[in-house]
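Student: I have not looked at this protein before. Could you take me through it, one question at a time?

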Amino acid sequence: MDSVLDGISGETTIHYFRDGLLTKYADILISKNIRTDEAIFLPGIRLIVTLLGKTELRFSDKMFCLTAEKYPAAGLLSISKEISGSKYFSGKKQQELVIFLEEEWLKSSGFNQCMDYAFLQKIQKSNLEFIPLFANKKILTLVNSLIRSEQHSPTLSHMQKESDCLALVVELLSQLREFNQVLSPEQKRAYQLTQLLLSGEADDWTLAEIAKYMHTNVTSLQTDFKQVHNTSIMKYLRQIKLERAYKALLQGVSVNKAAEIAGYTNPDNFSTAFRRYFSIAPSSVKKINYSG
């Protein structure tokens, strides 16, 4: 699609693959410096490759910038909750590819059953965390293949682009040290517990029941889990339930129903916990269907 911002001309191309996985490629000319209006950025992981120019995102108290003056630049930006932000355009030309990895795609693809998925989930929970990555030759080759004109029929071209997209995700994420280390037995147990908590099966269990299920004692399990997540088991479980409630609110459920989903019998207690965790009242969360 053509750019409609004053001072910017060019094209932005979006490819939708499976639910929660999409790419956006911008090839634009900039005639004057401009900052977009505030927009909503939805939760998810963004893998950004800036081929030319500068990628600059601004939020209320943070700013992220990738500059490709001499060489292409790459990075990972994690957004854990809905947030307002804007994009700043400067220079003369920008070529940028962004891969959006949403939790829906990660879960539907079965990655949450993998032992090291907890690493990726930890990144997801880190709001506005930016990790610089290296745009090596293999990554740039995949980017060029992904953005070039279609070489086959529409169906085959779509398959090829999805294949290139997945290969690019692998190359970028493989730079994270968390995906290149050997797990100790204690770490494996902590990650197995993470999957149990995410599944919802242990929502109403006590710590003693959880430890018995994991074939260990409460003290050891708490220690192993805190080394990985830097929080207690029950606090982590409460956060999971609150995040389920947040998603339910985005889908239009009532605050009282969201409170039930989070495991609260008192809506006031739910609102207090929700506001403390998300910095927003549950009644202020609106159903949305757009992304930044």
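**Reading the model**

Tutor: Setting aside residues up to four places away in sequence, Lys-161 touches His-15, Phe-17, Ser-145, Leu-146, Ile-147, Arg-148 and Glu-150, where contact means heavy atoms within 4.5 Å. This is a predicted model, in which local features need pLDDT of at least 70, side-chain atom pairs count only at pLDDT 80 or more, and totals for chains, interfaces and linings use all residues. Residues are numbered from 1 along each chain as its sequence is written, and side-chain values use heavy atoms, with hydrogens and water left out.

Student: Does Lys-161 count as buried or exposed?

Tutor: Lys-161 is found in helix α4, residues 154-173; helices (H or I, at least four residues) and strands (E, at least two) are DSSP runs numbered from the N terminus. Buried means under 20% relative accessible area, exposed over 50%, and partly exposed in between, with a 1.4 Å probe and protein chains only. The relative accessibility of Lys-161 is 6%, so Lys-161 counts as buried.

Student: Which residues does Tyr-16 contact, leaving aside its neighbours within four places in sequence?

Tutor: Tyr-16 has its place in strand β1, residues 8-16, and counts as exposed because its relative accessibility is 57%. Its C-alpha atom is separated by 9.2 Å from that of His-158, 142 residues apart along the chain. With neighbours within four places left aside, the contacts of Tyr-16 are Leu-21, Leu-22 and His-158.

Student: How many residues of helix α2 are buried?

Tutor: Helix α2 covers residues 117-124 and is mostly covered. The buried residues include Tyr-117, Phe-119 and Gln-124.

Student: What is the phi of Leu-128?

Tutor: Leu-128 lies in the loop between α2 and β10 (129-133), and its 5% relative accessibility means that it counts as buried. Most residues other than glycine have a negative phi. Leu-128 is a residue other than glycine with a positive value, near 55°.

Student: Where is His-215 found?

Tutor: His-215 counts as exposed because its relative accessibility is 73%. Its phi is also positive, near 60°. The place where His-215 is found is the loop between α6 (207-213) and α7 (218-229).

Student: How many residues does the largest nonpolar core have?

Tutor: A nonpolar core is a set of buried Ala, Val, Leu, Ile, Met, Phe, Trp, Tyr and Cys residues joined through side-chain atoms within 4.5 Å. Among the residues with the most contacts inside the largest one are Leu-47, Leu-168 and Leu-197. Apart from it lies another core of 14 residues, including Leu-22 and Leu-128. The largest core has 45 residues.

Student: How many disulfides does a search of the whole structure find?

Tutor: A disulfide is a pair of cysteine sulfur atoms within 2.5 Å. Cys-65 counts as partly exposed at 33% relative accessibility, while Cys-165 counts as buried at 0%. The number of disulfides found is zero.

Student: What is the radius of gyration of the protein?

Tutor: The protein has 10 helices and 10 strands. The radius is taken over C-alpha atoms, and the globule rule is 2.2 Å times the number of residues to the power 0.38. For 292 residues that rule gives 19 Å, and the protein comes close to it, so it is as compact as a globular protein of that length, with a radius of gyration of 21 Å.
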